[in-house]
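Here are my notes for a colleague who is opening this structure for the first time. Please keep the sequence and the 3D view side by side while you read.

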Amino acid sequence: MSEAARAKRAAALEEKKKRLEQLKARRQATAAAARLSTSNSLAGGNNLDELIDGLLRTAAPVIPGQAPPQPPTPVPATPTNGAVVSEFSTPLQPGSGANVIFQQTPQQFVTTPLPPVPAVETFTFGTQTDVEELPDDPTDDNDQDSDKEEDEDTTHQNGDGGPHGMTPEELSIVPDAKFLSPEERDVEVKSAHFSAFLNTASKKVERLLGAPVLADLLVDADYTGEDEDISEEKSSKGKLVSAHHTFEAPKWTATRDVTDLEWSPIHRELFLASYHTPSAGIGGAAASSLPLSAVDPSITASSASLAPRSGELQSDGLAVVWSLAMPTRPEHIFTCGSPVLSCRFHPTEPALVVGGCQSGQVVVWDVRAGRLPVQRSSLATVAKANSHSHPICAMELVEGGSGMVTAATDGRLNFWSLANLRDPAESLMVGENISSLAVAPEGNAIIVGDEMGSLHTILASASAATSKKGTPSKKISARAGASKRPIRILGTPAALSETGEEGNNPNHFGMVTAVATKLLPRNDTTIRAMSRGFLRGSSGLVLSTGVDWTTKLWAPAYTDQPLLSFLSHSYDYMCDVQWCVSPAHPSIFATASSNGTLGLWNLSSSLDEAMSGTEGIVVDGSSLNKIKWSADGRRILVASGDKVHVLGMSEEVWKVKGDEEARMMSNLTSRGYLQADE
């Protein structure tokens, strides 16, 4: 340390000592004044003037380092009104807390300036070092936890709180738990109140447990490219399918076959499936040989309950509402005394479900009213010959959802108003055994396939049957009768040879298993050209499948002959076909085969080869019954036996790749299948 620093530090210490001596002297003076005032008060009594005079005559204490106080300065006194004035005025010392000197004259004040107060200087010593990040002390958390435990123990000991925040007085009022006997427990478990609570609570828990499944199907995901060394079959499926989940309830649906599928138009996580009669009962016995106890319709069980009543497991028909969040538990279960062959959600009433039965009846279920139907259509009688007397094989919504059309296997078409499903508003006989049905957009033209392999078109009015030049079609059938709906047969032999022999038959060689038309967007206001009751362009294209291993593409607005035939390389009959209903993918459709494979086609990419390859996508080892696309085109329902598979499509399928509609129409016109619109 340098000499200058040492001298500076010594001076600072000396200054500090002086300040300490001043503080000690000030404290001694204060104590002496206090003792003097106490002695005067004890000796002098109550004479205030003498006390003040004594204080004024007392010499100021000597403070080291300061000059001694000057003697009092005489001040001339002028008596006023007989007041007594002191002869001397003593200035107060610094630090006494007063700046004004009062004389004994109450009307005169004399101010005297105080001596200057010495400035106070301070200093700080410190050492600068680097900041080190020390690890957290683990004992801090332990100390906090122990403090919390001590607080809780103290609270309980003091009686401030107990279980659920109740005081001991409140706990004494709560009755003790009652233990039920086995008989009482069975009664409580079977009660309606407990059953409703258990159904509601368990369904909420299962929805939460099924959240990953719901996210896997609804959230966009693409798992392509994860493994490049897999087989060709798995590579095809992995490239097109991003998720696969199976929905089944063996207790209810075992040994049954799915007959129809439908997505909810309101809740995208719900879908509807109808089931046929079980092939065998419990223990392998035939279902028809099991005795069924009578069921009182007035005491119906909730549709949300899984507990069946007597005989409900052997009901001839079922309609089940599934949620994507619960693969093993249905959302609602509906029963019927006849096998349910077709089903639809009510378009305007979310709580209603409509089904077509093998008995020919149209039934309506309400989720608020239990499992049994709340309404049934009339059976066919002599007085009501228009009602169905044969199985209803298909049903579709028409007129924007305000009406419905049903088809029976005897060739009868019935048109219904959704406001009255007891009796049909209109009836029509096609004349052939109908096996499938579809409704074309815009013009509400109906296309049905029969068991002989032909397609029939039923137009909304006779004016819609005129051709592009305005002349009636020669293939209009006279079977329309009083309904005033003309019928045209598609796929008749193209020509007769010169020898009189029939030419090639373009129809299916066997039953038509499915017919598919396109759906227009709900808010689409585009004006499209129509011809012969069908839209021109890609919106008027129709697909059909049959047991002859083929899928055919039709354009009824242009010609009555099929444009293309897609052959199944596995030589298995085709069960169903569906256009992708998403308006963003007008060229994609799917086919279901009896060998358990799903085929995906994109006509904008190729007219000869499927996206899924020649082998297709293997969904299940058994035959596929039905398929149904979701509204956004990212999921597809596939029915196989009593199981419903939900496949999430990958980005390779649902991602829009330019103007697919224009490319598809260009492929068809470039090969001469269609004529370009003028």
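1. Asp632 forms a salt bridge with Arg635, with 3.1 Å between the closest N and O atoms (a salt bridge is a side-chain nitrogen of Lys or Arg within 4 Å of a carboxyl oxygen of Asp or Glu). Arg635 counts as buried, because its relative accessibility is 2%.

2. Before going further, a word on the source. This is a predicted model, in which local features need pLDDT of at least 70 and side-chain atom pairs count only at pLDDT 80 or more, while totals for chains, interfaces and linings use all residues. Residues are numbered from 1 along each chain as its sequence is written, and side-chain values use heavy atoms, with hydrogens and water left out.

3. Now the overall picture. The protein chain has 11 helices and 35 strands (DSSP runs numbered from the N terminus, helices being H or I with at least four residues and strands E with at least two). Of its 678 residues, 38% count as buried. Among contacts between residues at least 6 apart in sequence, 56% join residues at least 24 apart (contact means heavy atoms within 4.5 Å). The accessible surface of the chain comes to about 38,500 Å², and 54% of that belongs to carbon and sulfur atoms (areas come from the Shrake-Rupley method with a 1.4 Å probe; for residues, only the protein chains shown count as cover).

4. How many salt bridges does a search of the whole structure find? The search finds 13. One of them joins the side chains of Glu396 and Arg344 at 2.9 Å, N to O. This pair links distant parts of the chain, with Glu396 in strand 14 (residues 392-398) and Arg344 in strand 10 (residues 340-345), 52 residues apart. Glu396 is partly exposed, with a relative accessible area of 21%, whereas Arg344 is buried, at 7%.

5. Asp560 and Arg532 form another salt bridge, with their closest N and O atoms 3.5 Å apart. Asp560 lies in the loop between strand 27 and strand 28 (564-567), and Arg532 in the loop between strand 24 (530-531) and strand 25 (534-535), so the pair ties together parts 28 residues apart in sequence. Are these two residues, Asp560 and Arg532, buried or exposed? Both are buried.

6. Please look next at the open sheet of four strands, whose order is 5-35-34-33 with antiparallel pairing (two strands pair if DSSP finds at least two bridges between them). Strand 5 (241-247) and strand 33 (627-629) stand at the edges with a single partner strand each, so one side of each has no neighbour in the sheet. On average, neighbouring strands here are turned by 20° against each other, direction ignored (axes are lines fitted to C-alpha atoms, for helices over the stretch in contact, and angles run from 0 to 180 degrees between N-to-C directions). Strand 33 pairs with strand 34 (residues 635-640) in the antiparallel sense over three bridges, and Trp629 has Ile636 of strand 34 as its bridge partner.

7. Strand 16 (residues 412-417) also deserves a look: five of its six residues are buried, so it is largely enclosed by the rest of the structure. Strand 15 (residues 403-408) runs antiparallel to strand 16 and is joined to it by five bridges, with Thr406 opposite Asn414. Their hairpin has three residues between the strands, and Gly411 takes a positive phi near 95° there. Strand 16 also pairs with strand 17 (residues 426-429), in the antiparallel sense over four bridges; here Phe415 stands opposite Glu426.

8. Finally, two loops. Ser315 lies in the loop between strand 7 (270-275) and strand 8 (317-323) and counts as buried at 12% relative accessibility. Which residues does Ser315 touch, not counting those up to four places away in sequence? They are Arg256, Pro278, Thr335 and Cys336. Trp549, in the loop between strand 26 (542-546) and strand 27 (550-554), is partly exposed, with a relative accessible area of 36%.

Terms used. Buried < 20%, exposed > 50% of the residue type's maximum accessible area, 1.4 Å probe, protein only.
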